[in-house]
Structure formats: C-alpha cells, structure tokens
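Subject: Structure for you, with notes

Hello,

Here is the structure to go with your sequence. Please open it first, then read the notes below.

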Amino acid sequence: MVKLAEQRARWDSRLIFLFAAIGSAVGLGNLWRFPYITYKFGGGAFLIPYLIILLAIGIPVLILEFALGQKMQQGAIGSFRKINRRFSGLGFLAAFVCFVVVAYYAVVMGWSLIYMLGSLHAPLPWSGEPEKFFANNVLQRSAGIGDIGSLSVALVVALAAVWIAIFFCVFRGVKSIGKAVMVSMPLPFILLVILFLRAITLDGALAGIAYYIRPDFSLLLSGELWLAAISQVFFSLSIGFGVLIAYGSFNPLRQGITRNAFVVALADTGLSLLAGFVVFGVLGHMALVQNVPIEDVVKSGPSLAFAAFPQALSLLPLAGIFSLVFFVTIFFIGIDSAFSLVEGVTTVVRDRWRRIAVPLVAFIVCGIGFISGLIFTTGAGLYFFDIIDHYVNSYLLVAVGIVQCILVGWVYGAEKMRNYINSVSRMKIGRWWDVCIRWVIPLSLGILMAMQFITDIRAPYEGYPQWAQAIGWGIIILPLAIALLMAFLPSRPSPAAQR
Ligand code: PHE
C-alpha cells in the first residue's frame, strides 16, 4: 500500500487539484444544459429542487467520491474493488458512462468551434435565421432518426480538432492536466463576467431575470422536475462518473477533503446561476424586441445556447466580438470537463494495465472517442444524442450513484469513511452525512428511477421509433451485463492485491 501510494502520479499542489476539480465540474452543463433545463421547467420553478438536491445529494456524494479515491489511491474500478471484489464492475459502469458522455460532449464543443469561426464573419452567418443555421449548416440535420443523412464534413473536422486538443491536455496524465487547467478553469469565469455585465444592461433584461428567479411552488409535486434536477446535479458536479474518484486518487492520503468539496460545489453552482442570469437577461431583451412573452421567445432545448443565444448576440453592437467571446467561453469551459471524462477512463485502464505507457493509453482512448463520436456528426446526430443522453443519464448514471452509496454506506461503513474524512479535514462533517449516504440518496434515487422506468415503458421516450428505443436500452443493458459478469466470474487478483 505504501509502495503503491509512492508510485502514484500526483498533482503538483493542492491548488492544482482544486482547479482541476472545479474545471471538471464547471462545463457545458453550466452554460448550456442548466439554462435550457431551467427554461424548460419554467425558470424559478426549477431552482428550488435544484438547490435542495444539491445540498441533500450533490454535496454528500461529492465528499464521498473525493474521499474514496483519496483513501483507496485508485480510480473507480480499483477503489470499488478494494471495498469488495464483486463491485469492480461498478467502476466499469462509471467509466463506460464517461466514455459515452465524452463522445457527445466533444461534438458539442465541435459546434462551438464552428460558431467561433462564424463569429469572424460580418455580418454573422446566422443573423436572422439562427435555427436554420444551426440545423442546416452546423448539424445538417435530417428529417428524423431513421434518416441518417451523411457526415457533416465541417463537424468531423471540428471534432478532430477538439480531440487533438483533448489529447494534448491528457497525454502526460495529471502533469499535463495540471498545466492546462491553470488557463482553462479561470478563463471562462472571466469571460462570463463580461457577458453578464453586457446582458444585465440590455433593455428588458430585468423582466427575463425576474422570470428566472421567481419561485413557483405549484410544480414541486412533479416527479419529472425532481428527476431533471437530480440528473442536472449529477452531471454538473461530475458525480457518478468516477472522474472525481480518479482525481481524488492523485491526492496524498492525508489531504483535507470537506472544504474542497464545498468550494467545488459553490463554484459550480455559482457559475450555473451566473450563466442563468446571462441567458435569461438576453431572453428578456429578445422578448421586449419581439414583443412576445418570455416563455415564447425561443424553443427550449439543446439548441438554446446554439440558436437563440447567437441570434440574441447578433442583435448587439459589436456582435462579432461578443459572439466570439461567448463561443470561446463555451470551448474553454468544456475542455477541462472533457479531458476529465477522458481521465475517468484512462485512469481505470492505467490502474489495470500498468505497463502500457500513459501517452499510448491517452491516444487509444482519444482515438476511439473520436470514432465513436462520428455518429453524432451525421444528419441524425442530434436525435442519437437525445436518446443516448436520456437513457445513460436517467439509468446508468443514477444506478452508479445508488450502488456507490450503498457500497460505501453499508458495506464499507459510512461512519468509518466519515471518520477518515474528519481525520484529514479541518472542516468536520456530522452524522447527517451517514444518513444521506445510507438512506436519503439510495431511496430517493431509487424511487425516482423507478418512476422514470414506468414513464418510459408507458410511452416511448419522445416518440422515437422502437428500434431507436432498443438502442437506448441496449446501451444500458450491455454494460450492466458486463458489470454483473465481472461480479460473478472468478477473476485474476487485482494488481494492487498482488503486491
Ligand atoms: N460537469 C461537467 C459539466 O457540467 C460534465 C462532466 C460530467 C464532466 C462528468 C466530467 C464528469 O459540463
């Protein structure tokens, strides 16, 4: 164990770990996903469940993942395995989720590269017809999921560029990541403050912001709303993916944990809220200009940041500059999340096959990531994205969250883990943490997942054809089967156990 800890790669400093963890958490989930989900659920109505879930589930799990990686000095598979050999499959599931998510995450970053180039044109290529530009020029979207269309060449090139950038950030493991995050973490914060100052000084912005923060208690009984809040919290904090377990594993055994977790959660939530002010300020302005109610300004959905927002920016003076700032922000906010997802995969590979050189592992994972992402650059890409995102996030991710809490809470012992956390952290956590890990999280996630299952069985998700739903189910059943096999087949002892 001591030998293992000595050999493990290390962050250069505690601050770099913090930058990397914030960089991972703060991403497209804040600037792109949070605003459109909030808009979809009626603005202020979404904020209350979001904040409750953050406190009751998000922060306890964040502490758990930091602690688990740090205590076990291994990525997800190794950490779970050390608690109980049969649970190594859980780490595999987490790594699988990372892989699927980064495959489309990189594509969204590719969109932002295309818009970045577009911002250099005057007039902006999307002004007047943003939806059309997004659908026809960027996505080359087909009529439906059954019509796969062809690869969008621009998008394939953009995707390749994104993967090359990711590769250079991860090819030396934590050493190169430590350098990259010094730029990629703070830059989006600064750029977003510039956009914030612009947005709140627009005519009509205040009406948009009022819509955003006005609470609406009538929706609180909707299960769908709570499930959306849960997947948003998991996605946004990067929990349930094993990524923060990997990041924690590069810390020395005796480093403080709790305060770091709170800082990451605060930075992440702060940035989402800030992004909300920017987006709703701009929506308020558009509502005024177009003279329509704010809920009708644009179609909510994944295109919010890529269709409505560029359009709004194109109405401003210095449109090109603000658009450029916005898309550079999206790119930089995304890249440190993307490479953390890659690191979630490479860490488990490296922990298992120690002889393979770090750059080679990075190259293979990035190469396969690029190839798998090609499906999202086809005409039907957005539909595939929608289906896969739905199934993976509502089931696999939540399942990892549940089982991980059961494993640590009941098998390892919540109290034992809490004692470790408190022994290294200046900020102490109380019994409430045990209760969250053992009861609150598994039960609430379990109930919501069951509700989602019933909904999906009753009505196929978004009305996609049956074969498409089958792909969605397949993508969760296959890795589940592998994880179960890993649990029940006799296996070679882990490299850690061999020492
Ligand atoms: N948290 C990132 C975001 O909000 C996404 C992410 C999830 C990154 C999981 C790493 C691991 O965009």
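The structure holds seven salt bridges. By salt bridge I mean a side-chain nitrogen of Lys or Arg within 4 Å of a carboxyl oxygen of Asp or Glu. Side chains of opposite charge can pair when their charged atoms come close.

Before the details, some ground rules. This is a predicted model, in which local features need pLDDT of at least 70 and side-chain atom pairs count only at pLDDT 80 or more, while totals for chains, interfaces and linings use all residues. Residues are numbered from 1 along each chain as its sequence is written, and side-chain values use heavy atoms, with hydrogens and water left out.

Helices are DSSP runs of H or I with at least four residues, strands are runs of E with at least two, and both are numbered from the N terminus. Buried means under 20% relative accessible area, exposed means over 50%, and partly exposed is in between (1.4 Å probe, protein chains only).

Salt bridges

Start with Arg8 and Asp351. Their closest N and O atoms are 3.2 Å apart.

Next, Asp389 and Arg33. Their side chains form a salt bridge at 4.0 Å, N to O. Asp389 belongs to helix α18 and Arg33 to helix α3, so to speak distant parts of the chain, 356 residues apart. Asp389 is buried, and Arg33 is buried too.

Then Arg431 and Glu415. This salt bridge is also listed at 4.0 Å, N to O. It links Arg431 in helix α19 to Glu415 in helix α18, 16 residues apart. Arg431 is exposed, because its relative accessible area is 57%. Glu415 has 42%, so Glu415 counts as partly exposed.

The largest pocket

How big is the largest pocket? Its volume is about 1000 Å³. Of the 34 residues that line it, the closest to its centre are Lys40, Asp386, His390, Tyr461 and Glu462. Elements giving two or more residues to the lining are α3 (28-40), α12 (223-237), α18 and α19. The most comes from α18, with eight residues. By type, the lining divides into 14 nonpolar, ten polar and ten charged residues.

The terms here are as follows. On a 1 Å grid over the protein atoms alone, a pocket is an open set of points with protein on both sides within 12 Å along at least five of seven lines; a cavity is a set where a 1.4 Å probe fits but cannot get out; lining residues have an atom within 4 Å of a point. Grid points are joined across faces, edges and corners, and the volume is the space filled by probe spheres set on the points. Ala, Val, Leu, Ile, Met, Phe, Trp, Tyr, Cys and Pro count as nonpolar, Asp, Glu, Lys and Arg as charged, and the others, Gly among them, as polar.

A nonpolar surface patch

Ile406, Trp410, Val411, Val435, Trp439, Val440 and Leu443 make a nonpolar surface patch of about 620 Å². (Patch residues have over 30% relative accessible area and no salt bridge; nonpolar side chains, meaning Val, Leu, Ile, Met, Phe, Trp and Tyr, are joined within 5 Å, and like charges within 9 Å. Areas come from the Shrake-Rupley method with a 1.4 Å probe, and for residues only the protein chains shown count as cover.) Helices α18 (381-424) and α19 (431-458) each supply at least two of the patch residues. The largest share, four residues, is from α19. Val440 lies in α19. Val440 is partly exposed, because its relative accessibility is 34%.

Backbone points

Most residues other than glycine have a negative phi, and most peptide bonds are trans. The peptide bond from Ala122 to Pro123 is cis, with omega near -10°. Pro123 lies in the loop between α6 (88-118) and α7.

Gln73 has a positive phi, near 55°. Gln73 is in the loop between α4 (44-72) and α5 (76-83), and is buried at 1% relative accessible area.

Ser238 also has a positive phi, about 60°. Its loop runs between α12 and α13 (243-249). Ser238 is buried, at 8%.

Best wishes
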